[in-house]
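The following paragraphs lead a new reader through a structure, from the contacts between its chains to individual residues. Please keep the sequence and the model in view while reading.

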Amino acid sequence: MEALTIQTSSRTDLVPITQQVQRVVAQAGFDQGLAHVYVPHTTAGVTLNENADPDVVHDMIEDLERLVPWQQAYYRHREGNSAAHVKATLVGSSVTVPVLGGRLTLGTWQGIYLCEFDGPRARRVLVTLIAGA
Amino acid sequence: MEALTIQTSSRTDLVPITQQVQRVVAQAGFDQGLAHVYVPHTTAGVTLNENADPDVVHDMIEDLERLVPWQQAYYRHREGNSAAHVKATLVGSSVTVPVLGGRLTLGTWQGIYLCEFDGPRARRVLVTLIAGA
Amino acid sequence: MEALTIQTSSRTDLVPITQQVQRVVAQAGFDQGLAHVYVPHTTAGVTLNENADPDVVHDMIEDLERLVPWQQAYYRHREGNSAAHVKATLVGSSVTVPVLGGRLTLGTWQGIYLCEFDGPRARRVLVTLIAGA
């Protein structure tokens, strides 16, 4: 298991981490199985999505803000970041990507993103490699 | 693989199950890899989120109800629980948590929750342990 | 790892793929562990949900369209399919199902679905089998 530290730069932020994860796979000499990419945080998540046009990330962030705006009259949590907790549960805390021949089997336009919902902060990402059957 | 039975207590309910999952890891003498926590149900889910302030769970439930209210004019499913099916797909049927030195690598404020969306019911949770590469 | 090709038939479509995944498990002679079912695409996903009443799929699709309609004034991505990217991140790119005695441990009413959000297209699904600890 390898731990990465990723700095985010705004309250809501999608930071590409594909290269760092691929580097963990390469440095382990790992050939075939699954790479599990996980954040031990409750106001951040991990997702796979388009890595080519940055407008996709813009549109995803706008939609997440529309679905779960920062404030609601019924929110009780004193820290004031309940929206970030909800987004984390909707997006999920991890992704698992097949590895074949030492490479993440990502589609051409597919990248791994750390999803920040209550930044900016330094976030930890844990990468666990699991051999295939 | 170990099966847990968890009783939920209302239609929408987030039940903490971290201790039960940690017990499965300990009893198996499992040291390093992944713990997969899964519900074989279509109107329940599993998520990771804050385990400290119960107001976070309150706010998460309120937001899920706002996003997917119990009734819609276009619902056709006769059982009347379509909203629960949608919430299950948004939250997801499983989480996978890295294990290191026999411990779930959860953040300080992070817990595992069984998410009930059509309770109260007795739900099954399957825990599968997978050794790291 | 096995690759399946699945043809979808409309813009938003949930295609049952349980039998194809079970066939991969059987042909591998795989007994116990996890089956990881993954789409290397950014406008499709994978989920577990009811396989009995097709009205559940209808209601799920209607709700996903309500939550993330095809157009928004703030969308910038020129391809025009940002809603599909958002749905893919909300639903997720993979599911992981425990296998016991050579069978996917699905509940009676539970099936695996490829979720198309920008079809119709031919989609790839990768199935990776991981032995239990």
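Across the interface of chain A and chain C, the rule finds zero salt bridges, a salt bridge being a side-chain nitrogen of Lys or Arg within 4 Å of a carboxyl oxygen of Asp or Glu. The model is a predicted one, in which local features need pLDDT of at least 70 and side-chain atom pairs count only at pLDDT 80 or more, while totals for chains, interfaces and linings use all residues. Residues are numbered from 1 along each chain as its sequence is written, chains are lettered from A and ligands numbered from 1 in the order in which they are written, and side-chain values use heavy atoms, with hydrogens and water left out.

Between chain A and chain C there are 17 residue pairs in polar contact, both residues at pLDDT 80 or more. A polar contact is a pair of N or O atoms within 3.5 Å; within protein, one must be able to donate a hydrogen and the other to accept it, and residues adjacent in sequence count only if both atoms are side-chain atoms. On the side of chain A that touches chain C, at least two residues each come from strand 3 (33-38), strand 4 (44-50), helix 2, helix 3 (82-91), strand 5 (94-100) and strand 8 (122-131) of chain A. These elements are DSSP runs numbered from the N terminus, helices being H or I with at least four residues and strands E with at least two. Helix 2 of chain A provides the largest share of this side, ten residues. By type, the side of chain A that touches chain C consists of 17 nonpolar, ten polar and seven charged residues. Here Ala, Val, Leu, Ile, Met, Phe, Trp, Tyr, Cys and Pro count as nonpolar, Asp, Glu, Lys and Arg as charged, and the others, Gly among them, as polar. In total, 34 residues of chain A are in contact with 30 residues of chain C, contact meaning heavy atoms within 4.5 Å. The two chains bury about 2500 Å² between them, 59% of it on carbon and sulfur atoms; buried area is the accessible area (1.4 Å probe) that two parts lose on being put together, summed over both.

Chain A also meets chain B, where 31 residues of chain A are in contact with 34 residues of chain B. Strand 3, helix 3 and strand 8 of chain A are the elements that give two or more residues to the side of chain A that touches chain B. Helix 3 of chain A gives the most, with six residues.

Helix 2 of chain A deserves a separate look. Its 14 residues (54-67) should span 20 Å at 1.5 Å a residue, and this agrees with its end C-alpha atoms, which are 20 Å apart; the expected span is 1.5 Å times one less than the number of residues. A:Asp53 caps the N-terminal end of helix 2, as a side-chain oxygen lies 2.8 Å from the backbone nitrogen of A:Asp55. The buried residues of helix 2 include A:Val56, A:Met60, A:Asp63 and A:Leu67, where buried means under 20% relative accessible area, exposed over 50%, and partly exposed in between (1.4 Å probe, protein chains only).

Strand 5 of chain A holds A:Val97, which counts as buried because its relative accessibility is 0%. Among the residues that A:Val97 touches are A:Leu34, A:Leu48, A:Ile112 and C:Tyr38.

Side chains of opposite charge can pair when their charged atoms come close. One such pair is A:Arg121 and A:Asp118, with the closest N and O atoms 2.6 Å apart. In chain B, the side chains of B:Arg66 and B:Asp63 meet in a salt bridge (3.2 Å, N to O); both lie in helix 2 of chain B, three residues apart, about one turn of the helix. B:Lys87 forms a salt bridge with B:Glu65, the closest N and O atoms being 3.5 Å apart. This pair links distant parts of the chain, helix 3 and helix 2 of chain B, 22 residues apart.

Key:
Lists of a residue's contacts leave out its neighbours within four places in sequence.
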